[in-house]
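Subject: Handover of a structure

Dear colleague,

Please find below the structure that I am handing over to you. My notes on what was found in it follow.

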Amino acid sequence: MNPSTTATPSALDRTPPAPLRPRPTLGLGKLLIGKEEEALLLEVVRSKHLFRYTYDLPAAEQGKMTATLEKEFREMMGAKYALAVTSGTAALEVALGAMGVGAGDEVIIPAWSWISCFSAVVRVGALPVLAELNDTFCLAAGEITRLTTPRTKAVIVVHYQGVAADMDPILEEARKAGIRVLEDCAESPGALYQGKRVGSMGDMGIYSFQYQKTMTSGEGGMLVTSDPLLYERAVRMHDLGLLRAHHALFVDPTVSPFCGAQYRMNEMTAAVALAQLRKLDTIRSYCRELSCRILSRIADLPGLELRRIPDPTGDSGFEIYFCLPDQETTIRFKEMLDARSVISMKMTGTQCHYGQEYCRNRSTHAEQSSPFRDFKEWPAPGYRMEDFPRTESLVRRFVAIPLGVLFTEEDADHIAQSIIDIHSALGVASL
């Protein structure tokens with residue numbers, strides 16, 4: 001055989017294959033649904049009060065589950081007011097409505113986020129303005145200053161997948177610009193930044209209880225604020241412009257009725273959400289233990305860039321992110337993790353808005369209400385892939401390692417060792 005054509009064994013070829021092992025079951029709150037949820041649901045059914053505003057009861061006794069959920073939620077998150085709604089998407093729309101965002105306004109949002117951040121802004125008639133990410137996978141510092149115009153009304157700060165954004169510079173920029181801060185905590189309920197729960201630092205915060213979220217009631221959401229005017233406006237926005245007697249226990253009405261939506265949470269949803277809320281910190285603590293166990297072993301691997309966590313003690317720990325030198329290496333790394341039964345995919349539908357059909361086609365439910373109608377050319381600057389080099393670099397080079405409440409220490413050790421072995425086999429340090 002001609003030596004020049006002889007294949008040289010790679011490091012991968014010399015590495016014995018790891019024995020196959022069962023993949024652990026992914027999931028957070030949904031896997032802990034049990035007797036606590038069942039007991040509270042049964043209480044609601046037996047009461048026959050499925051609607052939170054039950055007029056045969058005094059205002060202070062209406063909506064026992066919903067009112068208790070709101071009380072415990074605001075106390076945990078460190079806010080004065082909480083309002084239960086039908087989904088995280090509804091919470092975004094209600095919050096924007098409470099802030100008075102509408103036609104002609106602009107709202108800054110991360111270019112990489114769930115569709116609801118984009119669609120909620122469009123639904124209230126405002127223009128979503130896309131911003132770059134940084135190594136936290138959240139809104140980059142400096143973007144508010146760069147993108148604010150006289151029409152900017154608010155910024156949505158997404159605390160992505162269990163990690164708080166770097167709020168100090170973000171809040172400082174927003175205050176200087178004179179715009180509202182809406183914290184999207186849909187993927188990070190319970191996470192902290194410098195000792196404060198996410199959602200409590202801006203003007204308003206929203207949360208999602210969708211089935212894949214940390215705590216779940218199938219669907220459902222919550223918003224919090226410490227501003228009484230924003231609370232009253234949110235209550236009216238979520239309930240046809242009304243302020244029913246229960247909510248008047250918390251604020252004296254100052255706002256005239258207006259045409260709101262209908263995003264009221266029912267008592268059965270609230271019962272499940274309440275049981276799940278009481279498990280939230282247990283979920284977070286357990287996932288952080290597993291995450292720290294893995295990170296302690298892979299943190300010093302050269303060429304592997306761990307996601308920056310602004311508050312390393314405040315994250316929720318259910319998804320580890322790291323970036324590799326290039327997209328080709330990232331793809332190969334994921335394939336090799338899969339071969340070892342290590343799950344390596346993000347557990348969220350987050351995408352770059354500029355690459356999605358709803359943005360590429362600038363489609364809305366009615367053309368005359370479109371905030372994009374005045375753009376002569378499309379995609380316009382600020383809505384093209386080439387406008388987001390930092391975001392593109394991150395999203396093409398990351399590996400996501402999700403963790404769950406049924407994962408064990410042995411699962412964590414297998415994940416860590418697999419990352420170490422594959423890092424060595426691919427020679428990542430020398431790339």
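Two strands are said to pair if DSSP finds at least two bridges between them. Helices (H or I, at least four residues) and strands (E, at least two) are DSSP runs, numbered from the N terminus. Please note that this is a predicted model, in which local features need pLDDT of at least 70, side-chain atom pairs count only at pLDDT 80 or more, and totals for chains, interfaces and linings use all residues. Residues are numbered from 1 along each chain as its sequence is written, and side-chain values use heavy atoms, with hydrogens and water left out.

Strands

Strand β2 (residues 106-110) pairs with β4 in the parallel sense, over 5 bridges. Within this pairing, Val 107 stands opposite Pro 128 of β4. Buried means under 20% relative accessible area, exposed over 50%, and partly exposed in between (1.4 Å probe, protein chains only). Strand β4 (residues 127-131) is largely enclosed by the rest of the structure, because 5 of its 5 residues are buried. Leu 127, Val 129 and Ala 131 point one way from β4, while Pro 128 and Leu 130 point the other way.

Cysteines

A disulfide is a pair of cysteine sulfur atoms within 2.5 Å, and by this rule the count comes to 0. Cys 117 is buried, with a relative accessible area of 2%, and Cys 185 is buried at 0%.

Salt bridges

A salt bridge is a side-chain nitrogen of Lys or Arg within 4 Å of a carboxyl oxygen of Asp or Glu; the count comes to 31. In one of them, Arg 278 and Glu 72 have their closest N and O atoms 2.7 Å apart. This pair links distant parts of the chain, 206 residues apart: Arg 278 lies in the loop between α10 (267-277) and α11 (280-298), and Glu 72 in helix α3 (residues 64-77). Arg 278 is partly exposed at 47% relative accessibility, and Glu 72 is partly exposed at 23%.

Another salt bridge joins Arg 236 and Glu 232 (3.1 Å, N to O). These two residues are 4 residues apart in helix α8 (residues 228-238), so about one helical turn separates them. Arg 236 is buried at 5% relative accessibility, and Glu 232 is buried at 1%.

Yours sincerely
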